Amino acid sequence: MMRAIRATAMTALCCTVAGAGLLACEEATATQSQPASATTVQKAHGSAFSGARKIRVAGHSVNVSCSGRPAAGRPVVVLMAGGGDGLDKLADLQKTLSKKDRVCSYDRLGEGASDRPDGLQNFADSGRILTAVLDRIAGDGPVVLAGHSLGGLIAARYAPDHQDRVKGLVLMDATTPTLTADISKVIPESATGQVAELRAQTLAVNEGQNPEKIVIADAEVRSAGSIPVEIIKHDKQYDSVPGYGPALERMWSEGQRRWRAISSRSTLGTAAGSGHYVYVDRPDLAVRAVQRVTAQAAGHGSRPTR
């Protein structure tokens, strides 16, 4: 029974040189030999490579995958996996989306084929890596961030400070903004047995005991203006948690509602029939959400309705 609880509840709960010194460049690529015109195009639109490549970011190797062609006036879609997942988990979603748009994904430090972090990270550290990756794949152009679980939380924390380039968000069952406080309230310290272990594991992950060594600190939702945002939450996830399933579902649903404050143009929907991996269980909904937000970010299409 304990294994069953870990495989369901923990998935959603836990899958979840600085500043100007950050430079991103391809490994084994002599960028100095590029003509000036190529450098200008890359600055404006990013590099149009296809497939997986390693780039150097602040002394670390970061694995990046891109597909699809850049289109004038269209943002680059950047997919961000959940905690414990590499970009390979997003491969099917990326393949489908890249039929219409330029789509990239990357392994954060500690995930997939990227380097391990040197020590504990915070959201500012993760944001600096993301900025360097965006500089490489999108140049000065706009992007739409589509994140699952911890990837959604990182995207939502990043967007308010980077409204000049982040023009849309899709949050797929994103980790709730105050998960540590929420789980501590729903499952009290006095709890025993399997549920107590679930609580302890969640808090440990949030303190940095995860592959990325990132401290998942609580924070209130900040506004990213009026960018288009679609929030998709799971249908059912916590029914295997004895005695606490309904309370955990309410906690998660309330966390998803709070994400709506990130934009005056946000919508929230439930992916019927899905668990935490919305884009796996309901890829049709994930694809349509990303395509709608991308179209709106490009100035096309109307605001979605629910």
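The following exercises, with worked solutions, concern a predicted model.

**Exercise 1.** Determine how helices α6 and α7 are arranged relative to each other, and which residues make the contact.

*Solution.* Two packed helices are described by the angle between their axes and the distance between the axes. Helix α6 spans residues 179–186 and helix α7 residues 193–206; their axes come within 10 Å and cross at roughly 165°. Angles over 145 degrees count as roughly antiparallel, so α6 is roughly antiparallel to α7. The crossing of the two helices is left-handed. On the α6 side, the contact is made by Leu 179, Thr 180, Ile 183 and Ser 184; on the α7 side, by Arg 199, Thr 202, Leu 203 and Asn 206. By class, these residues divide into three nonpolar, four polar and one charged.

**Exercise 2.** Describe the largest nonpolar core and the surroundings of Val 78.

*Solution.* The largest nonpolar core has 43 residues, and those touching the most other members are Val 62, Val 64, Val 78, Tyr 106, Ile 137, Leu 145 and Leu 169. Helix α4 (residues 123–138) supplies the largest share of this core, eight residues. Beyond its neighbours within four places in sequence, Val 78 is in contact with Cys 104, Tyr 106, Leu 134, Ile 137, Val 143, Val 144, Leu 145 and Ala 146. Another core, of 22 residues, lies apart from the largest one and includes Leu 79, Val 103, Ala 146 and Met 172.

**Exercise 3.** Locate Asp 88 and decide whether Asp 88 is buried or exposed.

*Solution.* Asp 88 lies in the loop between β4 (76–80) and α3 (91–97). Its relative accessibility is 59%. The cut-off for exposed is over 50%, and Asp 88 therefore counts as exposed. The C-alpha atoms of Asp 88 and Ser 105 are separated by 8.9 Å, with the two residues 17 residues apart along the chain.

How values were computed
Residues numbered from 1 in each chain as written. Predicted model: local features only at pLDDT ≥ 70, side-chain atom pairs only at ≥ 80, totals over all residues. Heavy atoms only, no water. Axes fitted to C-alpha atoms, helices over the stretch in contact; angles between N-to-C directions. Helix = DSSP H or I, 4+ residues; strand = E, 2+ residues; numbered from the N terminus. Parallel < 35°, antiparallel > 145°, perpendicular 65-115°, else oblique. Left-handed = near helix turned anticlockwise from the far one by under 90°. Contact = heavy atoms within 4.5 Å. Nonpolar A, V, L, I, M, F, W, Y, C, P; charged D, E, K, R; others polar. Core = buried A, V, L, I, M, F, W, Y, C linked by side-chain atoms within 4.5 Å. Buried < 20%, exposed > 50% of the residue type's maximum accessible area, 1.4 Å probe, protein only.
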